[in-house]
Amino acid sequence: MFFKNVITVLVLLAAVEAHYYYKPKKTDATCNAVADVIFVYDTSGSIGTPTNQANFDAMKEFMINIVNEFDPVGATGTQFAALCFSVVPKPHFYLNDNNNDADPKQATKDDIQAFSTAPNSRTAIGDALKELSTSFLTPAKGIGRNCAQCFVIVITDGEQNEGTADPVEEANKLRQDKDCIVYVVSIGQANSVQLENIAGGQANVFSVDKFNELNNLVKGLVQAACSNSACVAFPDKNGGHGNHHNGGNRILIPVPMPIMIPADYPVNRNQKNDLKDLISLIKGTKYGYGYGNKFKPSV
């Protein structure tokens, strides 16, 4: 019976630890999801011009603050890409462009900071989304990593008034063909039916009235993306994100399993502490869930 109880506890520990470590987590600092995030942002005349960049600068700050919420950024964490649109879509950088940089996160933020307000004209959302499907989101440009969820973040202050491609149809193609989740960040268009349909539902629309309120959306948007990701980049024992064998990140893939918890275990504080100590011991003595953490008895 003793050994049976030990086996039961070990299976329980494995299940609990798998649930804890395999689920992407959004902490106060960062989201550790494995994901592909593509900014599709509006540069139409209503957003900014070379002589009036306040709104445009607020939009760039918003994108940079989103990047700051993810860690690690790069080939085995979260990749970022950006494409702007007015009348014609204009790619800025692809998902894998910064992966070989010494600091992919900083390189991504530098790229965003360098965005120009041009071109300034009308709003062709559909053509921009079509560009994503046809030539932007390809394996050669970084899409298609194992277990990496695709997120398209459309940032606009208006509905489509230019272009030949239907924005809702193109958004549906991204969902169906590329398995992307489409979020719409709407400035001053809170009740737009078109933008809601592009997003695939009101739950994926994040709205503010003014550009200087965009940063109020960062936490909620990142939490939504983190919660809809399946895999995580697992940090190493030194607090970084290197693989323990070959220098790359480890990507952990969730394996759902039922958890059976005996009704009488644990029944008091001492047993709870014993359980915590056993988890710590497993972490500190073998590869697996929580590898690299040292044994530390509970008090």
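**Notebook: a look around Lys 173**

I started at Lys 173 and found its place in helix H5, residues 167–177. Helices here are DSSP runs of H or I with at least four residues, strands are runs of E with at least two, and both are numbered from the N terminus. I noted that this is a predicted model, where local features need pLDDT of at least 70 and side-chain atom pairs count only at pLDDT 80 or more, while totals for chains, interfaces and linings use all residues. Residues are numbered from 1 along each chain as its sequence is written, and side-chain values use heavy atoms, with hydrogens and water left out.

**Entry 1: confidence**

I looked up pLDDT, the predictor's confidence in each residue, from 0 to 100. The protein averages 76, and 66% of the residues score at least 70. Over residues 11–23 I saw pLDDT under 50; the model has 37 contacts for them beyond four places in sequence. Residues 236–276 are also below 50, with 70 contacts in the model beyond near neighbours in sequence. Contact means heavy atoms within 4.5 Å.

**Entry 2: back to Lys 173**

Buried means under 20% relative accessible area, exposed means over 50%, and partly exposed lies in between (1.4 Å probe, protein chains only). Leaving aside neighbours within four places in sequence, Lys 173 touches Ser 133 and Lys 178. I also checked Lys 130, which is 43 residues apart from Lys 173 along the chain: their C-alpha atoms are separated by 8.5 Å.

**Entry 3: salt bridges**

How many salt bridges does a search of the whole structure find? I got four, each a side-chain nitrogen of Lys or Arg within 4 Å of a carboxyl oxygen of Asp or Glu. Side chains of opposite charge can pair when their charged atoms come close.

Lys 173 has such a bridge with Glu 170, at 3.5 Å from N to O. The two are separated by about one helical turn, because they are three residues apart in helix H5. Glu 170 is buried, at 5% relative accessible area.

Next I looked at Arg 145 and Asp 36, whose closest N and O atoms are 2.8 Å apart in their salt bridge. This pair links distant parts of the chain, with Arg 145 in the loop between H4 and E4 and Asp 36 in strand E1, 109 residues apart. Both Arg 145 and Asp 36 are buried.

Then came Glu 69 with Lys 219, bridged at 3.2 Å between the closest N and O atoms. Glu 69 sits in the loop between H2 and E2, Lys 219 in helix H7, 150 residues apart. Glu 69 counts as buried because its relative accessibility is 10%, whereas Lys 219 is partly exposed at 45%.

**Entry 4: the sheet**

I traced an open sheet of six strands in the order E3-E2-E1-E4-E5-E6, with mixed pairing. Two strands pair if DSSP finds at least two bridges between them. The edge strands, E3 (89–93) and E6 (205–208), each pair on one side only. E1 and E4 pair in the parallel sense over seven bridges.

**Entry 5: helix H2**

The buried residues of H2 include Phe 56, Phe 62 and Ile 66. I found that the buried residues of H2 pack against several elements, among them strand E1 (35–42), strand E4 (149–156) and helix H7 (218–227).
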